[in-house]
Amino acid sequence: MDIQFSNQDEEREMHVCESRREGEWIIFTCPHCEEYENRINLQTKERKCRKAKDPFIFHRGSFLPPSLEIEGSTPN
Ligand SMILES: [Zn+2]
């Protein structure tokens, strides 16, 4: 069954987040919302989310697996 939320979806803005890795954390930030930040801990799966001012904006992001990181990179 196809469930649609047509009116809401059309009004809802979607932002694609940028991701980066800091140690055990994957950090998603939005180029449009300075205050938005979503962190996911790779070890514990803990999430910390700082919401955008506008709660109706939908944020999504993806992170490339560590195996695709450039070999030889150093933390500092
Ligand atoms: Zn945003």
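Is Arg 20 buried or exposed, counting other C-beta atoms within 10 Å? Arg 20 is exposed, with 10 such atoms in that range. Here, C-beta atoms are placed from the backbone, and a residue is buried if 20 or more others lie within 10 Å of its own, exposed if 12 or fewer, and partly exposed in between.

The model is predicted: local features need pLDDT of at least 70, side-chain atom pairs count only at pLDDT 80 or more, and totals for chains, interfaces and linings use all residues. Residues are numbered from 1 along each chain as its sequence is written.

**View 1. The protein chain has one helix and six strands.** Along the sequence the pattern reads α-β-β-β-β-β-β. Helices (H or I, at least four residues) and strands (E, at least two) are DSSP runs, numbered from the N terminus. Of the 76 residues in the protein chain, 8% are buried. Among contacts with a separation of 6 or more, 30% link residues 24 or more positions apart. A contact requires C-beta atoms, placed from the backbone, within 7 Å.

**View 2. Four strands form an open sheet in the order S2-S3-S4-S5.** The pairing is antiparallel. Strand S2 (18-22) and strand S5 (47-50) are the edge strands, each pairing on one side only. Neighbouring strands of this sheet are turned by 15 degrees against each other on average, direction ignored. Axes are lines fitted to C-alpha atoms, and angles run from 0 to 180 degrees between N-to-C directions. Two strands pair if DSSP finds at least two bridges between them.

**View 3. Arg 20 sits in strand S2.**

**View 4. Strands S3 and S4 run antiparallel.** Five bridges join S3 (residues 25-29) to S4 (residues 37-41). Thr 29 stands opposite Glu 37 in S4.

**View 5. S4 and S5 form a hairpin with five residues between them.** The two strands pair in the antiparallel sense over four bridges. Ile 40 stands opposite Arg 47 in S5.

**View 6. Lys 45 lies in the loop between S4 and S5.** Its phi is near 65 degrees, a positive value in a residue other than glycine. Most residues other than glycine have a negative phi. Lys 45 is exposed, with 7 other C-beta atoms within 10 Å.

Conventions:
Contact = placed C-beta atoms within 7 Å.
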